[in-house]
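Biologist: I would like to learn how to read a model like this one, feature by feature. Please give the general idea and then the case at hand.

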Amino acid sequence: MILPRLQDAADNAEVKVSARNVNVFYGQTHAIKDVSLDIADKSVTAFIGPSGCGKSTFLRCINRMNDTIEGCRVTGTLLLDGEDIYAPAVDPVQLRARVGMVFQKPNPFPKSIYDNVAYGPRIHGLAAGKAELDAIVEEALRKAALWNEVKDRLDAPGTGLSGGQQQRLCIARAIATQPEVLLMDEPCSALDPIATAQIEELIEELREGFSVVIVTHSMQQAARVSQKTAFFHMGTMVEYDDTTRIFTNPSDQRTQDYITGRFG
Amino acid sequence: MTGSDPKSAHIVSSYDEDLAALQARVAEMGGLAEAMLADAIEALRKRDVERCREVVARDKRLDELEAEIEARAIRIIALRAPVAFDLRLVVACMRMSSTLERVGDLAKNVAKRGIDLAAAGPLPMMGSIARMGEAARRQLSEALDAFVSRDSELALSVWRRDVEIDELYESLFREVVTYMMEDPRTITLGSHCMFIAKNLERVGDHATHVAELAYYVVEGEPLDGERPRGTASDAPTG
Ligand SMILES: Nc1ncnc2c1ncn2[C@@H]1O[C@H](COP(=O)(O)OP(=O)(O)OP(=O)(O)O)[C@@H](O)[C@H]1O
Ligand SMILES: [Mg+2]
């Protein structure tokens, strides 16, 4: 499906995800109102906005996580590489292998650290044998800046880690399948500055091959890691532009008030 | 972007206090620099050595304020991580302080020459110098107004008018050269005139920079494009 390019589409870059007139309802609650935007490939896009404005809701549209929420209805068009994400033929599980997600709250499986990371590669048959799987697990854990802390207890339960470690475990799990798009919902909110910097370094690295969308409440983090920033407010997307522009000269008063800490 | 400060205050009110304190220091510097310039020209014209000395002494306060503004701005950047309008304002204040400090230096130089020249009798071309000095002071004054009142229209008009000072400088330059050629005994006085004129022309450039900063804070875009230029290319640059 070819859609007309949006005026503020990620210029020059190839579009990975396109959203047109997306609306999301939770029963009577209209959580996302007519949002249209293009997310570029090989770049980092940040979603910012006050709590409850719909960032997580919109993010969940991209890998159909909202399907699993009772009473949630999504309308409009969402395309991945030009293909309708909501087409009846699309298998949500396959889709989620291509569009990985790190959630706002860490949610390790009640399994060992190793199995948490090996889970995706196993079900998608990404490793030929034990040695290959070990290598995938190690690499994912290293990239998620967790390897040194867990390499001697890979058989321990993932749920026994600290909150910040659990979040890094979930990041390792999400990248182990090498998704094309990685959705990260406040991935660093429970991390210390060093682990945060390591995750930001990972994001920078992932950007070379993938499209990363990150929701963050840290303006500085959005400014540091992203090329494009979208500002959401009360379910609408108020402004979407180059990150540099958003943080030096935003066009909308609401964006300016929010990022400068003036929101009433 | 909107033509004025964001309407609402920061949620953290001490942030607003920090920004207000920073801007108060810049306003103080602007007032001092403008007054120093006016007094330097007046003292030069009246050959008032006492007043010249007094102007020279006032430069110290500008240096102190510059250092203070820089320290405050660095502190705000480190602790508050300003963005958007706030970022532009903090950056502009830092640059304002170094620009105004230089205006102070130039006024001080004029006053110092005033001390040396007081004994030498009336300066030739004093009328032209005073006119140029007044033009530079007015430019600076309006640029400062534009900055304080967030008036990008005024900033733009000041910026465009810099050409007038360049023209005054050019004509004064020719006048002095003719005068020195006619009577080589006037070369010493004539060169003093030229350096004073050059200082005032530099003040005009700094006023233009203040106007650029005023525009940037409001509009979020640098004032670019070719500024109308005078023809001062053959004039000395010292
Ligand atoms: N499962 C749900 N059932 C009903 N309403 C929901 C559900 N999830 C979110 N909402 C509502 O949708 C709106 C958007 O919520 P969402 O979680 O997307 O906000 P957010 O921008 O991610 O906020 P935060 O920054 O706090 O994470 C809110 O009004 C919220 O109450
Ligand atoms: Mg959320």
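Predicted model: local features only at pLDDT ≥ 70, side-chain atom pairs only at ≥ 80, totals over all residues.

Biologist: Which protein atoms are the donors of the magnesium ion (ligand 2)?

Modeller: Donors are N, O and S atoms within 2.8 Å of the metal (3.2 Å for Na, K and Ca), and sites may look incomplete because water is not among the atoms. Here the protein donors are OG of Ser56(A) and OE1 of Gln104(A), at 1.9 to 2.6 Å from the ion. Ser56(A) belongs to helix α1 (residues 55–62) of chain A and Gln104(A) to the loop between β6 (99–102) and α3 (113–123) of chain A, so the pair ties together parts 48 residues apart in sequence. Helices (H or I, at least four residues) and strands (E, at least two) are DSSP runs, numbered from the N terminus.

Biologist: Is Ser56(A) buried or exposed?

Modeller: Buried means under 20% relative accessible area, exposed over 50%, and partly exposed in between (1.4 Å probe, protein chains only). Ser56(A) has 16% relative accessibility and counts as buried, whereas Gln104(A), with 37%, is partly exposed. In α1(A), eight of its eight residues are buried, among them Lys55(A), Phe58(A) and Arg60(A).

Biologist: What is the volume of the largest pocket, and which residues lie nearest its centre?

Modeller: On a 1 Å grid over the protein atoms alone, a pocket is an open set of points with protein on both sides within 12 Å along at least five of seven lines, and lining residues have an atom within 4 Å of a point. Grid points are joined across faces, edges and corners, and the volume is the space filled by probe spheres set on the points. For the largest pocket this volume is about 440 Å³. Its lining has 20 residues, with Met65(A), Arg96(A), Phe109(A), Tyr119(A) and Arg173(A) nearest the centre. The largest share, four residues, comes from β6(A).

Biologist: How is β6(A) placed among its neighbours?

Modeller: Strands of a sheet pair through backbone hydrogen bonds, either parallel or antiparallel. Two strands count as paired if DSSP finds at least two bridges between them. β6(A) runs parallel to strand β7 (residues 181–185) of chain A, with four bridges joining them; Met101(A) has Leu183(A) as its bridge partner. Both faces of β6(A) are covered, with Val99(A) and Met101(A) buried on one side and Gly100(A) and Val102(A) on the other.

Biologist: What is the strand order of the open sheet in chain A?

Modeller: The order of the four strands is β2-β1-β4-β5, with antiparallel pairing. β2 (29–40) and β5 (83–84) of chain A are at the edges with a single partner strand each, so one side of each has no neighbour in the sheet. Between β1 (residues 15–26) and β4 (residues 72–80) of chain A there are eight bridges, and Ala19(A) is partnered by Leu78(A).

Biologist: Which side chain makes a polar contact with that of Trp159(B)?

Modeller: A polar contact is a pair of N or O atoms within 3.5 Å; within protein, one must be able to donate a hydrogen and the other to accept it, and residues adjacent in sequence count only if both atoms are side-chain atoms. The partner of Trp159(B) is the side chain of Glu212(B), at 3.0 Å. Trp159(B) is buried, at 6% relative accessible area. In chain A, the side chain of Gln166(A) reaches the backbone oxygen of Thr159(A) at 3.1 Å and has a polar atom 3.0 Å from the backbone oxygen of Leu161(A). Gln166(A) is buried as well, at 14%.

Biologist: Where does phi take a positive value?

Modeller: Most residues other than glycine have a negative phi. Arg47(B) has a positive phi of about 50 degrees and is partly exposed, at 37%. Phi of Arg150(B) is near 55 degrees, and this residue is buried, at 10%.

Definitions and conventions:
Residues numbered from 1 in each chain as written. Chains lettered and ligands numbered in written order. Heavy atoms only, no water. 1 Å grid on protein atoms, 1.4 Å probe; cavity = no way out; pocket = protein on both sides within 12 Å on 5 of 7 lines; lining within 4 Å.
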